[in-house]
Amino acid sequence: GSPVVQGGWRYDAARKKIEIDLAQLQTGEAYRLPLEVAVRSEGASEPRVETIMMTSRRQRFEVAAEKAPFAVELDPNTWMLMDASFAKK
């Protein structure tokens with residue numbers, strides 16, 4: 001089978017960080033997933049793309065951001081073959 005990833009994000013203004021929570025829901029062992037995350041901010045013509053490495057069933061990632069993004073996208077270029085749902089919390 002392929003990975004099934006579910007998660008969400010929120011912006012912590014006090015810490016100036018985007019918190020990303022992800023979970024792998026497929027049966028069997030957790031996959032090692034190098035995932036791109038696109039951060040879209042107002043005034044920027046292109047999104048900033050960060051790479052995170054998911055290696056366990058549940059993980060939290062933090063990405064620095066001076067201001068709240070209007071969107072955060074998981075795997076924006078669709079590199080990873082997976083079933084994913086990802087939204088703002």
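Predicted model: local features only at pLDDT ≥ 70, side-chain atom pairs only at ≥ 80, totals over all residues.
Strands of a sheet pair through backbone hydrogen bonds, in either a parallel or an antiparallel sense. In this model, an open sheet is built from 3 strands that follow the order E4-E3-E6, and their pairing is antiparallel. The antiparallel pairing between strand E3, which covers residues 33-40, and E4 extends over 7 bridges. Within this part of the sheet, Ala38 has Val49 of E4 as its bridge partner.

Side chains of opposite charge can pair when their charged atoms come close, and a search of the whole structure returns 10 salt bridges. One of the salt bridges is formed by the side chains of Asp12 and Arg15, with a distance of 3.7 Å from N to O. Asp12 is buried, because its relative accessible area of 12% lies under the 20% limit for that class, whereas Arg15, with a relative accessible area of 39%, is partly exposed.

A salt bridge also joins the side chains of Lys16 and Glu66, at 3.4 Å from N to O. This pair links distant parts of the chain, since Lys16 belongs to the loop between strand E1 (4-12) and strand E2 (17-24), while Glu66 belongs to the loop between strand E5 (58-64) and E6, and the two residues are 50 residues apart. Lys16 is partly exposed at a relative accessible area of 38%, and Glu66 is exposed at 65%.

In a further salt bridge, the side chains of Arg60 and Glu19 meet at 4.0 Å from N to O. Here, too, distant parts of the chain are linked, with Arg60 placed in strand E5 and Glu19 in strand E2, 41 residues apart. Arg60 has a relative accessibility of 49% and counts as partly exposed, because the exposed class begins over 50%; Glu19, by contrast, counts as buried at a relative accessibility of 5%. Through salt bridges that share partners, Arg60 and Glu19 belong to one network, which also contains Arg10, Asp12, Arg15, Asp21, Glu62 and Lys89.

Methods. Residues numbered from 1 in each chain as written. Heavy atoms only, no water. Pairing = 2+ DSSP bridges. Helix = DSSP H or I, 4+ residues; strand = E, 2+ residues; numbered from the N terminus. Buried < 20%, exposed > 50% of the residue type's maximum accessible area, 1.4 Å probe, protein only.
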